[in-house]
Amino acid sequence: MALTLGVAPAFARDGIEPVDDGVMDSGKETRQDDAQNGGDEGHLPASSENVVEIGRLDLFEGEEEPGRIADVSAYGNYAYLTAYWEPECDRGGVYVVDISDPTAPELVTLIPSHRGTFSGEGSQVIHIETPSFTGEVLAYQNEICPGETKGVGGVTLIDVTDPTKPKKLVEGFGDFSVAGKAQTKSNEAHSVYMWTDGAKAYAALVDDIEETDIDILDITNPSKPVLISETSLDEQTAQPLGEVQGDSTFLHDMVVKEIGGVQTMLVSYWDGGYAKLDVDDPANPVFVSDTDFAAADPVRASFGETITPEGNGHQAEFTNDDEYFIATDEDFDPYRVMATMEDGTEFTAVQASDVPAIDADSSLTGGTRFLGLGCDAAAIPPADATASVAVIERGVCDFVVKVQNAQAAGYEGAIVFNRTGVDGCEALLTMLVTADIPAVFVSRTDGFRILTGGLPGDYACDDAGGTAIPTAVGATGQDVDVKAVFDGWGYVHLYDAETMTDIDQYFVPESQDPAYADGFGDLSVHEVATDPTQNLAYLSYYAAGFRVVSYGPDGLEEVGHFIDEGGNNFWGVEVYQHPDGQQYVLASDRDSGLYILQYQP
């Protein structure tokens, strides 16, 4: 086996909980946590153009809290920053910051979340004026800390009419059922967005658990919310097979805006793209239209490379005139795994989380041997000269047990293929694994092909079950060659909001240069906020800093940027109209806290 390992990045979870065997959905955000420092390692060099820092707040006063801060929102004289699960997860919540003096923001309080719970996307405050409530309401979503059992899901609503004295209205409310079966906790929620329509108020949640992942709540009485609809757009947004890198279609984020008298929801679907829903009647959302990714990634095509798009539809906002929307495709891995079997069959392999990465300097090549379920270390046949790559079936025990057992038996890499039944068959997953050998996950059909050289004529796999593997434990399969090619970091789209066509793309130049694939932090875009009065959009790139782009029928163009001394690790971005009449942009730095910036061309 030819295997040369470089330094593996340390991956972390972005709001994904392990289910039964330690799994997170393919493509759901994993990220590198490169610590900031005074040099250029872990970020791009400090620089700025047309962007001025007005004020900032280090919530940790120099203490090491990498990854603690997530999203940001603002209302009145206050900013709200969600507390994420890193570096240690016990209790998250929301930091409330007084920004009445933008040059000197001050921490007011921390609204704690439930024990064992953290928050990430979707901090938001709106004014609600209904027969049941008048005032300002803060919403934040809840996800459960890794390995915790006491956390809660759903959404938490807080009365912040007086932000110095926040009052909890409801905690952990959402969808309390899975596949029609009632449960004591609501499903975890990855994001939340609120809006009002006359005397009614609503909130949309990203349901982490169910395929019907657009959950809409009536929060007209925010102390007594009601779940009024559950919707899935998986089928409508699914891309043609082979035209995006992954096939795990799920909702990631959404916004709602009244356009032409219609309450219009813009949803961002991972591996699916972007879609519009008519939510004039939130109890009965109506699909309107969606985007399609190009067969070849347009950004990589500009570099002479023909490769399918990554397809990670992450977040989007309508522009001020509603003619366009700007969308961010997130991608934390600048390399794509390309896998081939001995007979020339290509297959898709998804790398595990905390294992040596298959990248430009490493590959996984050699003979394979079937280890069955790989749960009993004593029953695992050892590696030898004919087989150095373990092939293992998903099920019974955690992924980490399987891969570590293979490592202990001398294998230099592991391939885990999917089981039959629900969440099995062709679904691709990212395994939560800590090990010292590379490990990848493949579909069940590709597992069959590796072990048997093809599929039997009566092969079947569905939610009810399927064909059992005929290969005996210890038998060898086809040789495999798993390697990586550079495909760049995540970038930005400009879409026509009527035709849903992709007009142009924007990317940070370094993000498409292999020389910046390692050692400069995550150069992916994360979020966008559009300017309410001019044709500008503000982008939070992690280690590539804060970016300002102009837009129009001719496309996107960078007109400003900001990277602080020592680098940045930006997550959230929010346009903020201060009561003093000035417009600022708030940016949340994952490792420190709040930046208040202003575009000054």
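Start by selecting Met 500, which counts as buried because its relative accessibility is 5%. The model on your screen is a predicted one. Look at the backbone here: phi of Met 500 is near 65 degrees, a positive value in a residue that is not glycine. You will find Met 500 in the loop between β39 and β40 (502-506).

**A contrasting loop**

Next, select Ala 179. This residue also has a positive phi, of about 55 degrees, although it is not a glycine. Ala 179 sits in the loop between β16 (177-178) and β17 (181-182). Is Ala 179 buried or exposed? With a relative accessibility of 67%, Ala 179 counts as exposed.

**A chain of rings**

Now show the aromatic side chains. How many aromatic pairs does a search of the whole structure find? The search turns up 23 aromatic pairs. To look at one, select Tyr 274 and Phe 325: their ring centres are 6.1 Å apart and their planes stand at 55 degrees, so this pair is tilted. Tyr 274 belongs to strand β24 (residues 273-278) and Phe 325 to strand β27 (residues 324-329), so the pair ties together parts that are 51 residues apart in sequence. Tyr 274 counts as buried, at 0% relative accessibility, and Phe 325 is buried at 0% as well.

Tyr 495 lies in strand β39 (residues 491-496) and Phe 325 in strand β27, so here the parts tied together are 170 residues apart in sequence. Tyr 495, like Phe 325, is buried.

For another group of rings, select Tyr 84, Trp 85, Phe 118 and Trp 571, which form one aromatic cluster. Then move to Glu 86 and Pro 87, which are joined by a cis peptide bond with omega of about -5 degrees. Pro 87 is in the loop between β7 (78-83) and β8 (93-98).

**An open sheet**

Switch to a cartoon view. Which strands form the open sheet, and in what order? Eight strands take part, in the order β29-β28-β38-β31-β32-β33-β35-β30, with mixed pairing. At the edges stand β29 (346-347) and β30 (350-351), each with a single partner strand, so one side of each has no neighbour in the sheet.

Now go to strand β38 (residues 476-486), which pairs with strand β28 (residues 335-341) over seven bridges in the antiparallel sense. Here Ala 339 stands opposite Val 482 in β38. Strand β31 (residues 364-370) is also antiparallel to β38, joined by five bridges. Select Arg 369 to find it opposite Thr 476 in β38.

**One face of a helix**

Select helix α3 (residues 399-408), whose buried residues are Phe 399, Lys 402, Val 403, Asn 405 and Ala 406. Turn the view to look down the axis of α3: the buried residues fall within an arc of 160 degrees, so they line one face of the helix. Just after α3, stop at Gly 410, which has a positive phi of about 95 degrees.

To see what lines the largest cavity, select residues including Asp 297, Glu 310, Asn 312, Asp 331, Trp 489 and Tyr 491. By class, this lining has six charged, three polar and two nonpolar residues.

For the last stop, go to the second largest pocket, with a volume of about 1,100 Å³. Which of its 40 lining residues are closest to its centre? Select Gln 124, Tyr 193, Val 255, Glu 317 and Glu 574 to find them. Elements that give two or more residues to this lining include β11 (124-129), β18 (189-197) and β45 (570-577). β22 gives the most to the lining of this pocket, with six residues. Colour the lining by class and you will see 19 nonpolar, 13 polar and eight charged residues.

Technical notes
Residues numbered from 1 in each chain as written. Predicted model: local features only at pLDDT ≥ 70, side-chain atom pairs only at ≥ 80, totals over all residues. Heavy atoms only, no water. Phe/Tyr/Trp six-rings, centres within 6.5 Å; stacked < 30°, edge-to-face > 60°. Helix = DSSP H or I, 4+ residues; strand = E, 2+ residues; numbered from the N terminus. Buried < 20%, exposed > 50% of the residue type's maximum accessible area, 1.4 Å probe, protein only. 1 Å grid on protein atoms, 1.4 Å probe; cavity = no way out; pocket = protein on both sides within 12 Å on 5 of 7 lines; lining within 4 Å. Nonpolar A, V, L, I, M, F, W, Y, C, P; charged D, E, K, R; others polar. Arc of directions from axis to C-beta. Pairing = 2+ DSSP bridges. Points joined across faces, edges and corners; volume = space filled by probe spheres on them.
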